[in-house]
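Subject: Structure for your review

Dear colleague,

Please find below the structure that I am handing over to you, together with its sequence. My notes on what was found follow it.

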Amino acid sequence: MPDKLPPKDDLIFVLNSGSSSLKFGLYHRAAVDGAATDEAVTDGAVTDGAVTDGAVTDGAVTDEVALLTGSADGVGHGNGSLQIRSSTGEILVKRADILESQDHALATIAEEIRKHVPAAPVAVGHRVVHGGPHLLTHQPITPQVLRQLRSAVHFAPVHIPQALSLIAASQSLFPSATQFACFDDVFHQTMPEVASHLPLPQRYFDEGVRRYGFHGLSYESLVHHFGAALPARAIFAHLGNGASLCALRHRQSIDTTMGLTPTGGIPMGTRSGDLDPGVFVYLLRTQQLGADALEDLINHQSGLFALSCGESDVKSLEERARAKDQRASLALNVFVTAVRKAIGAYAALLGGMDLLVFTGGIGEHSDYVRSGVTDGLEFLGLTADKIKIIPAQEEQQIARHCRSMMGQRG
């Protein structure tokens, strides 16, 4: 148990679900050290000495601070595990479990957290990948929001049903907490129509078929990190099993690689990224693939996994490539080339770039990928001092949004 618990009405529990994982954090508002001040005081407007979303209050800098963090991995598989760390990084819980579903994982996490922090959270923040065409802001979860999410399932059939199930489980486990939805596409609402409007008949745009973009909470956390030091022209590369890039001008998204769904853009671990639409016509005509089979193909059987004949883990691919495995080398080269091409395109769109940031598991940890991406970009004026590696802080950013929305609700 932490040495000193915050007030019981101060706790925000954050959930960030993946296809087979559930990351989480328990946050409270606290003063942060001076080293963080230059970067943290940025989001929101200054009013009477207070800055929202990580901010100055009575001369002290405060932000959302993790009391506990952790993840449940291997959800839905036979190799599940759960780990919880304290604010100092100490491992409090490390156990192997068969976690049958996200709901089961959440119940297991909640049970373990209560052993260390008996107070219940006052709010639960959910990362929701896609809100469809009508849910365009972070907001409290109401019956109307749930109805709109259900009606938008066809926009993200892989992600929205899982989010709905997890929200229902959280409402049952934490009945007194206010539940909030933080959408991964909200950050990209600033994109101009030239970026969001797909070259299809207008009726489809009116139905919500447009470029939404994702990884927005990751990108928001980077904007918060740099604060006023973020230059006018920046390119962020969130490279993980899911991967995308974003072009920012004056702290706002003006374009991003993902599109209608998180399947679009550059090739990823098991996702195809952008394909010639004729590929789908070919598969429909020659293979008679239905919608479900096509969806499984482009989401779970493509990308690095397909190119390497069965491997999507970049670390393993790097080891194979060093051992002269041609399929592994091809997979990595396709990925690196796609990222480099996107950076070049965004540099042209921005009229140059002042900063390139790598984040996400691959972006943070793979020197092989980073060096491959940046090799040959010197002609764009990309020097070492313009390249940064910053961990994504999606859970902390969700906590910031929840705190802000709690304040707005009084």
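Predicted model: local features only at pLDDT ≥ 70, side-chain atom pairs only at ≥ 80, totals over all residues.

I begin with β1 (12–17). Six of its six residues are buried, and the strand is thus mostly covered. Ile12, Val14 and Asn16 point one way from β1, while Phe13, Leu15 and Ser17 point the other way. Both sets are buried.

β1 has two pairing partners to note. With β2 (residues 21–31) it pairs in the antiparallel sense, over six bridges. Valine 14 has glycine 25 of β2 as its bridge partner, and the hairpin that joins β1 to β2 passes through three residues. With β9, β1 runs parallel, and four bridges join the two. Here leucine 15 has histidine 126 of β9 as its bridge partner.

β9 (123–128) also pairs with β11, in the parallel sense and over six bridges. In that pairing, alanine 123 stands opposite threonine 178 of β11. A further strand, β10 (residues 139–140), runs antiparallel to β11 and is joined to it by two bridges; glutamine 139 has alanine 181 of β11 as its bridge partner.

Why is strand β11 described as largely enclosed by the rest of the structure? The reason is that five of the six residues of β11 (residues 178–183) are buried, where buried means under 20% relative accessible area.

**The helix α11**

In α11 (residues 314–322), the residues Val314, Leu317, Glu318 and Ala321 are buried. Viewed down the axis of α11, these buried residues fall within an arc of 105°, and therefore they line one face of the helix.

**Two cavities**

How many cavities of 30 Å³ or more does the model contain? The count comes to two.

The largest cavity has a volume of about 60 Å³. Its lining consists of Ser17, Arg127, Val128, Val129, His159, Gln162 and Ala163. By class, these are three nonpolar, three polar and one charged residues. β9 and α4 (160–173) each supply at least two residues of this lining.

The second largest cavity has a volume of about 40 Å³. It is lined by Leu15, Asn16, Ser17, His126, Arg127, Ala163, Leu166 and Ile167. Four of these residues are nonpolar, three are polar and one is charged. β1, β9 and α4 each supply at least two residues of the lining.

About 1,100 Å³ of space lies in the second largest pocket. It is lined by 28 residues, of which Leu260, Thr261, Thr263, Phe280 and Ile298 are the closest to its centre. The lining divides into 16 nonpolar, nine polar and three charged residues. α8 (277–286) and α9 (291–300) each supply at least two residues. The element that gives the most is α9, with five residues.

Histidine 215 lies in the loop between α6 (202–206) and α7 (216–226), and histidine 250 in the loop between β13 (243–249) and β14 (252–256).

Is each of these residues buried or exposed? Histidine 215 has a relative accessible area of 7% and is therefore buried, the cut-off being under 20%. Histidine 250, by contrast, has 58% relative accessibility and so counts as exposed, the cut-off for that class being over 50%.

With kind regards

Key. Residues numbered from 1 in each chain as written. Heavy atoms only, no water. 1 Å grid on protein atoms, 1.4 Å probe; cavity = no way out; pocket = protein on both sides within 12 Å on 5 of 7 lines; lining within 4 Å. Points joined across faces, edges and corners; volume = space filled by probe spheres on them. Nonpolar A, V, L, I, M, F, W, Y, C, P; charged D, E, K, R; others polar. Buried < 20%, exposed > 50% of the residue type's maximum accessible area, 1.4 Å probe, protein only. Pairing = 2+ DSSP bridges. Arc of directions from axis to C-beta.
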